[in-house]
Amino acid sequence: MTISLQFDIHGELLQLATESQAIVQAVGELLSPFACAVAAEDPRRPLELVVHTPAGADQLPELPAAAEHVSDGRGEGYRLYREGGSCLLDFRPVGLFRLDLGAGRLDSWLVDPQAMPPEQLDGLLRLAVIELLRLRGLYAIHAAALEKDGHGFLLAGPCGHGKTTACLALVRAGFRCLSDDHPLLRQTADGLELLPFLCDFNVTEKTIGFFDELQLARTRGRPGAHKQSFRVQEVFPAATARPCRPSFLIFPRIVDWPESHLEPLPRSRALEELLPESMLVLERELAGRQFQALAHLVQSAACYRLHFGENVLRLPAVLERLPALLPACA
Amino acid sequence: MPEPTPALPAVSFIPQDLRPEAALLEEISSLGPDSSVDELGRQAAQLIGPLLAEQIHREAVLGGGAIFTRSPDVIFTPVDGDTVLLHLRSGIYYSLDPVGTMIWEQLSESTTLAQVCSAVCDRFAVSAEEAWGDLSALVCHLKAEQLVIEMAS
């Protein structure tokens, strides 16, 4: 029996269809802030995420003969193909995505999702949602995003650079959180908008050790998960933020110094570091629009390298100085 | 049956001091009088190493009358004097410093490399020799990465 769930993600409808309870649960958790009931007369055309769950890799669909191999996904475990108006991401033996660009529909085949490590399933479903949202001009950025006094702070970079730890240190000090991993960016006529995409935080034991408040996460551990997860609003009730303008783009890098320091970063360097973390080139026109939005981001935000020191709890004092450094007209 | 490939008459684009031994040249059986310069360059790279071959290739291929244009597969944006490029087919990013940016901006269907070189000299107060060295190195690199297209002379 096909189960259908609907979500309203910053004005864009997304509809999930699947026969798998495991997928319903995983997508439901991933998109819980956006769950909604859509009226039958709603004129918006939904994005469609259809998840099939074959029992084995031998039941994954064959690639069409006309599919053109484009790239190997920068070593991220998939091969990218194009065929007509569709893109195919081949994660064999784990799964396969087929994104129909014109229809706004992503069919995914995920082999035995119940047997998949939770982080892997979450990552694949998150990628599927991100690729669908990209079609409607909502660009996920691999970053933590926070807001304070109307200023948006983006902490961008690859896994292991301290984004979540920095995010928690800032939330604890009164910053509000839009996301610890994938906020959304939208280009509007009035400029750029940073939008919440708040999911469960996944934290390592080391990160938990920095914050007394996080002992809760130890009791909610998912079996088989490398990290522990929790909802930030359960720990810090005033933690959630509303959309804002991105004012600061910060690239953390963990250093073995006692204190954290900021260093201005050339905008071209910032764009170079942002692109691989935030952009997958599936199709020219889409890629061009996202490239311009990211270029606009680095041109409109103040860019810094954060040398993230060992005294994690003193980080907020370093970042709180930034708004005073903005030009008066900003 | 196809005609046997004639012996290579000369490899005139390789300076005397960089020519491989004649015995090695005999191993190049796939080249002929009609071989393209690109093909000669590839064969040369096998014999004398990629760095020397690149230098030779650059000097041979890039005459001042050569014209290169930006590939339609590339999108780019200026950022504080630099330029960041994205190749839409490969998904690879590149960045150009202010000199590279100036050269990138000059590349067009109506501009020869000699004209670009002259513009570089005017803008950065460098000798023509130095400007040509930097220009030809960059254009070779851009061409190798398929960021530019060489127009027929």
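## Helix α1 of chain A

The buried residues of α1(A) pack against β1, β2, β3, β8 and α2 of chain A; contact here means heavy atoms within 4.5 Å, and the elements are DSSP runs numbered from the N terminus, with helices (H or I) of at least four residues and strands (E) of at least two. This is a predicted model, where local features need pLDDT of at least 70 and side-chain atom pairs count only at pLDDT 80 or more, while totals for chains, interfaces and linings use all residues. Residues are numbered from 1 along each chain as its sequence is written, chains are lettered from A and ligands numbered from 1 in the order in which they are written, and side-chain values use heavy atoms, leaving out hydrogens and water.

Which residues of α1(A) are buried? They are Ala22(A), Ile23(A), Val24(A), Ala26(A), Val27(A) and Leu30(A). Buried means under 20% relative accessible area, exposed means over 50%, and partly exposed is in between (1.4 Å probe, protein chains only). An α-helix has 3.6 residues a turn, so residues three or four places apart point the same way. At the N-terminal end of α1(A) sits a cap, Ser20(A), with a side-chain oxygen 3.2 Å from the backbone nitrogen of Ala22(A).

## A strand residue, Ile3(A)

Ile3(A) belongs to strand β1 of chain A. It counts as buried because its relative accessibility is 18%. Leaving aside residues up to four places away in sequence, Ile3(A) touches Leu16(A), Ala17(A), Thr18(A), Gln21(A) and Val24(A). As for Ala295(A), 292 residues along the chain from Ile3(A), the two C-alpha atoms are 40 Å apart.

## The nonpolar cores

A nonpolar core is a set of buried Ala, Val, Leu, Ile, Met, Phe, Trp, Tyr and Cys residues joined through side-chain atoms within 4.5 Å. The largest one has 42 residues, and those touching the most other members are Ile9(A), Leu14(A), Leu31(A), Leu49(A), Leu110(A), Leu125(A) and Val129(A). Elements giving two or more residues to this core include β1 (3-9), α1 (21-30) and α2 (118-134) of chain A. The biggest contributor is α2(A), with eight residues. In soluble globular proteins, nonpolar side chains tend to be buried together.

Take Leu110(A): not counting residues up to four places away in sequence, its contacts include Ile23(A), Val51(A), Phe97(A), Met116(A) and Leu125(A). Another core, of 36 residues, lies apart from the largest one, and among its members are Leu194(A), Phe251(A), Leu294(A) and Val79(B).

## Chain B on its own

Chain B has six helices and five strands. From the N terminus on, they run α-α-α-β-β-β-β-α-α-α-β. Of its 153 residues, 41% count as buried. Looking at contacts in chain B between residues at least 6 apart in sequence, 52% join residues at least 24 apart.

## Where B meets A

Here, 16 residues of chain B are in contact with 20 residues of chain A. About 1600 Å² is buried between the two chains, with carbon and sulfur atoms giving 58%; buried area is the accessible area (1.4 Å probe) that two parts lose on being put together, summed over both. On the chain B side, Leu88(B), Arg89(B) and Tyr93(B) lose the most area to chain A, together 37% of what that side buries.

The interface holds three salt bridges, each a side-chain nitrogen of Lys or Arg within 4 Å of a carboxyl oxygen of Asp or Glu. One of them pairs Arg89(B) with Glu68(A), with the closest N and O atoms 2.7 Å apart. On the side of chain B that touches chain A, β2 (74-79), β3 (82-87) and β4 (93-96) of chain B each supply at least two residues. The largest share, five residues, comes from β2(B).

Definitions and conventions
Polar contact = N/O pair within 3.5 Å; in protein donor to acceptor, adjacent residues only side chain to side chain.
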